[in-house]
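Work through the exercises below with the sequence and the 3D structure at hand. Try each task before reading its solution.

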Amino acid sequence: MTTTNDTATFTVENRIAWVKFNRPEKRNCMSPTLNRRMMEILDELEFRDDVGVLVLTGEGTAWSAGMDLKEYFRETEALGLGATRKAQRESYGWWRRLRWYQKPTIAMVNGWCFGGGYGPLYSCDLAIAADEAQFALSEINWGILPGGGATKVVVDLIPMRDAMYHAMTGELIDGQKAAAWRLVNESVPLERLEARVRELAEVLLKKNSVALKATKDAVRRVKEMTYDSAEDYLVRAQEAANFHDNTGRKEGIKQFIDDKTYKPGLGAYDLAKQN
Ligand code: COA
């Protein structure tokens, strides 16, 4: 099914939801309207049984050219502080929702990715870029600091010297450099981008979905914790996951130890046999 509410769209196909920034004529920059539409789409897809993975990509030559300088900054600021705070809540709101999304998420970075675009980029669990994609913290070029979490994103993901250089110069880097810096997982030629993302999504679709959600949250949570806190959190997180699915791991053990139908070191157990 495809919906076409202009600023962002989605299609669900073989358990993959392809969500698209859809303002190609504005290089998919994020206006308040787009931000509201994204939240609606996330709401609509999050608990659907026919969705196992969400991919976030952009229509046209851009992934996202960041915040809309006219509609997000100039026009909301003209309406006063209340409007500015509302616009911030709406954009940060859907990025936060995406960071803790029920389904695994992949950013498929097809082109330009600037400034505010680093928010949803970071929100996605995994990111694959086209070699041809271009990334920059361009804020410094128009006279502000990289806000909307963008500074935090680069400091979290890339080494300090690179983060500082990236933020202070506003220079572009391509997909390959973004992968070398670990801003994305990997970079492939644009013509192979969709196939590679589909392949990765299919790997995720074969995993236990409760375990995937527990895992992705654990990776983000433990990053902020001491070792002891993390150890404790992980025990409790697994026990909480057992509440939602207490047969999965038993089936995983059974198929290996008793049935000898797979080896966990080499791939996932067969979900279809799980009751
Ligand atoms: N905010 C508002 N409008 C934007 C925009 C943004 N972030 N990015 C692109 N647009 C608009 C342009 O104003 C232009 O509008 P127009 O057709 O009404 O004149 C349209 O999108 C196409 O942009 P254009 O600059 O002509 O496309 P390009 O392919 O030559 O260049 C970019 C693409 C992304 C390099 C360039 O648009 C750009 O630098 N955008 C701003 C990026 C940025 O700094 N974002 C950070 C925001 S935090």
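**Exercise 1.** Are helix 10 and helix 11 roughly parallel or roughly antiparallel to each other?

Solution. The model is predicted.
Step 1: find the two elements. Helix 10 covers residues 209–222 and helix 11 covers residues 227–244.
Step 2: take the angle between them, which is about 160°, with the axes 10 Å apart.
Step 3: apply the cut-off. Angles over 145 degrees count as roughly antiparallel, and therefore helix 10 and helix 11 are roughly antiparallel to each other.
Step 4: The crossing of helix 10 past helix 11 is right-handed.
Step 5: list the residues that meet. Helix 10 contributes Val210, Ala214, Asp217, Ala218, Arg221 and Val222, while helix 11 contributes Ala230, Tyr233, Leu234, Ala241 and His244.

**Exercise 2.** Describe how helix 1 and helix 3 pack.

Solution. 
Step 1: locate them. Helix 1 consists of residues 32–45, and helix 3 of residues 81–99.
Step 2: read the geometry. The angle is about 30° and the axes are 9 Å apart.
Step 3: state the handedness, which is left-handed for the crossing of helix 1 and helix 3.
Step 4: name the contact residues. On helix 1 they are Pro32, Asn35, Arg36, Met38, Met39, Leu42 and Asp43; on helix 3 they are Lys86, Glu90, Ser91, Gly93, Trp94, Arg97 and Leu98.

**Exercise 3.** Classify the ring pairs that Trp95 makes with Tyr92 and with Trp94.

Solution. 
Step 1: start from the count, which is nine aromatic pairs.
Step 2: take Tyr92 and Trp95. Their ring centres are 5.6 Å apart and their planes stand at 40°, so this pair is tilted.
Step 3: Tyr92 and Trp95 both belong to helix 3 and are three residues apart, about one turn of the helix.
Step 4: take Trp94 and Trp95. With 6.5 Å centre to centre and 75° between the planes, this pair is edge-to-face.
Step 5: widen the view. Phe21, Trp63, Tyr92, Trp94 and Trp95 form one aromatic cluster.

**Exercise 4.** Is each of Tyr92 and Trp95 buried, partly exposed or exposed?

Solution. 
Step 1: recall the cut-offs. Under 20% relative accessible area is buried, over 50% is exposed, and values in between are partly exposed.
Step 2: Tyr92 has 28%, so Tyr92 is partly exposed.
Step 3: Trp95 has 3%, so Trp95 is buried. Trp94 is buried as well.

**Exercise 5.** Which rings do Arg220 and Arg221 lie over?

Solution. 
Step 1: Arg220 lies over the face of Tyr122, 5.3 Å from the ring centre.
Step 2: the charged end of Arg221 sits over the ring of Trp100, at 3.9 Å from its centre.
Step 3: link this to Exercise 1.

**Exercise 6.** Describe the surroundings of Lys216 and Asp174.

Solution. 
Step 1: Lys216 is in helix 10. Its relative accessible area is 10%, so Lys216 is buried.
Step 2: leaving out residues up to four places away in sequence, Lys216 touches Arg99, Tyr101, Lys103, Pro104, Thr105 and Asp125.
Step 3: Asp174 is in strand 10, residues 173–174. Asp174 has 32% relative accessibility and so counts as partly exposed.
Step 4: with the same exclusion, Asp174 touches Asp131, Ala133, Gln134 and Phe135.
Step 5: compare sequence and space. Asp174 and Leu137 are 37 residues apart in sequence and 13 Å apart in space, C-alpha to C-alpha.

Definitions and conventions:
Residues are numbered from 1 along each chain as its sequence is written. This is a predicted model: local features need pLDDT of at least 70, side-chain atom pairs count only at pLDDT 80 or more; totals for chains, interfaces and linings use all residues. Side-chain values use heavy atoms; hydrogens and water are left out. Rings of Phe, Tyr and Trp (its six-membered ring) pair if their centres lie within 6.5 Å; planes under 30 degrees apart count as stacked, over 60 as edge-to-face and the rest as tilted. Helices (H or I, at least four residues) and strands (E, at least two) are DSSP runs, numbered from the N terminus. Buried means under 20% relative accessible area, exposed over 50%, partly exposed in between (1.4 Å probe, protein chains only). A charge sits over a ring if NZ of Lys or CZ of Arg is within 6 Å of the ring centre and within 35 degrees of the ring normal. Axes are lines fitted to C-alpha atoms, for helices over the stretch in contact, and angles run from 0 to 180 degrees between N-to-C directions. Angles under 35 degrees count as roughly parallel, over 145 as roughly antiparallel, 65 to 115 as roughly perpendicular and the rest as oblique. A crossing is left-handed if the near helix is turned anticlockwise from the far one by less than a right angle, and right-handed if clockwise. Contact means heavy atoms within 4.5 Å.
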